[in-house]
Amino acid sequence: MMKKLFALLSVLVLTSMLLAACGSPAPAATEAPAAVTGPVTMDFVVWSYGIETINDNIKNFQELNPNITINLKDYSWLEYHDTMVGAFAANNSPYLLYGSDHWLNEWAAAGWLAPLDKYCPNVKEYSKEVAPYSLQGMTYNNEVYGVSYYADTQDFIYNDAMLKEGGFTTAPESLDDLYNQAKELKAKGVNEYPIIMAWSQKEGAFPEAWTSLVFAQQEGENALFDADLNPVFNKEGSAAYHVMEWLRKVYSEGLLDPASLSMAEIDQVKSMQAGAHTFTIAPQYNMAELNKPASGDFAGQFKIALMPGSSHATVGYVRFYAMTQKVVDAGPDYIAAACKFMDYFGGKTDGNYVVVKRWAVENGLGFAQLPLFDDKDVIDAFSSWGDVPTIKEQATLARSKEGMTPWYGAWDVFARSEIHKGILGEQSSLDTLNNMADQWNELKAAQ
């Protein structure tokens, strides 16, 4: 009896060892969503950019999925948020739409969006391959609500020819370096105003550029808020205080163009192309336009450097494909169709990020999917206007904006005017930051 028991145990141990050695079968890179059993028609709402390309992508998707029909509608970026909120409030939401990191908390908290990782099997795998700032920007309450359509960083951009004309061979690594180089460029007559920003109060990228400067002076997180969303920036010695003092100095000494406080992004780009300035901060996609052949005397001379500061961190932001609760309410066929849509537009088809890569190669749009940085076609396309290793390094150092809450948008608008007052010297840097903190606390308390 004991011999039989020993023999049985030996077989079991040997079997366990063989299974451990072989391991479990590796899961497929992507899974096929559930089948769509009948015709499904869904509307897809976007902001007005690249509509011809979007329609072509829809045509290609529908050829692969003939029982799914996608109807496209677009609105201006300036009207998009309010238009969508109005549609949600009127119980007239679309099935599919573009979302953004700075609206996610508002829309998800209201129950308007459905978490993709709960319904679409491949989203968890896609999430493993995106830059951390992008995943953070698509996550609410530990659930992922998007697959990235476009992701980008706020970048420090400089005119290399003018930098060399001023006697410098390397870009500034700190705000002190930037101040000293700008002062020398002005003294030598290279530029009247070496620094330009697009910081009109109507310009959405203004707070992101300001926050990028703050992040670059901060090692680690909590540059603006602590884990409980309490302001930590309104004190002397903070990264934000350092940035406000620096901005006041470069403005008062004529190194920052006063037009910065009323300038829009398109005029910022044109001004840089004309050679009026050496330094700026702007979303990375502008590099393709700045270095476009025949766009001006300095085409090919614009370069990206890591954001000046001890950490070189910057703001990374993400725009994504999302589905509304309307999809879930419509039932399994609509969920399956929406997941197929997410796979094609923001995920993989036959193992490749087909649509995301197309936007990158054809339009120069940034992306969150890190494997694309090693794609030959993407490298060739991006190398025509930028240095891919620097772009990739800045992407890995990028961080999502802090304080992403339903009231962030209102605070963001308030903060713009306060930052202007601080730059202009109408109030002290500490008063500026205290006013911003007080407004944040009021909005938070009202929730």
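I'll start with leucine 96. Leaving out residues up to four places away in sequence, leucine 96 touches Met42, Asp43, Phe44, Val45, Ile70, Ala322, Met323, Ala338, Phe341 and Met342. Keep in mind that this is a predicted model.

Leucine 96 also turns up in the largest nonpolar core, which has 141 residues. Leu96 is listed there among the residues with the most contacts inside the core, along with Met42, Phe44, Trp199, Trp210 and Tyr321. The largest share of this core, 10 residues, comes from helix H15. As background, nonpolar side chains in soluble globular proteins tend to be buried together.

Now to H15 itself. This helix has 14 residues, and from its first C-alpha to its last it reaches 20 Å, close to the 20 Å expected at 1.5 Å a residue. Of those 14 residues, 11 are buried, so H15 is largely enclosed by the rest of the structure. Among the buried ones are Ala338, Phe341 and Met342, and those three are also on the list of residues that leucine 96 touches.

What does cysteine 339 form with cysteine 120? The two form a disulfide, with their sulfur atoms 2.1 Å apart. The pair links distant parts of the chain, 219 residues apart: cysteine 120 sits in the loop between helix H5 and helix H6, and cysteine 339 in H15. The structure holds 1 disulfide. The torsion about its S-S bond is about -85°, so the disulfide is left-handed.

Are these cysteines buried or exposed? Buried means under 20% relative accessible area. Cysteine 120 is at 4%, so it counts as buried, and cysteine 339, at 2%, counts as buried too.

Conventions. Residues numbered from 1 in each chain as written. Predicted model: local features only at pLDDT ≥ 70, side-chain atom pairs only at ≥ 80, totals over all residues. Heavy atoms only, no water. Disulfide = S-S within 2.5 Å. Helix = DSSP H or I, 4+ residues; strand = E, 2+ residues; numbered from the N terminus. Buried < 20%, exposed > 50% of the residue type's maximum accessible area, 1.4 Å probe, protein only. Expected span 1.5 Å × (residues − 1). Core = buried A, V, L, I, M, F, W, Y, C linked by side-chain atoms within 4.5 Å. Contact = heavy atoms within 4.5 Å.
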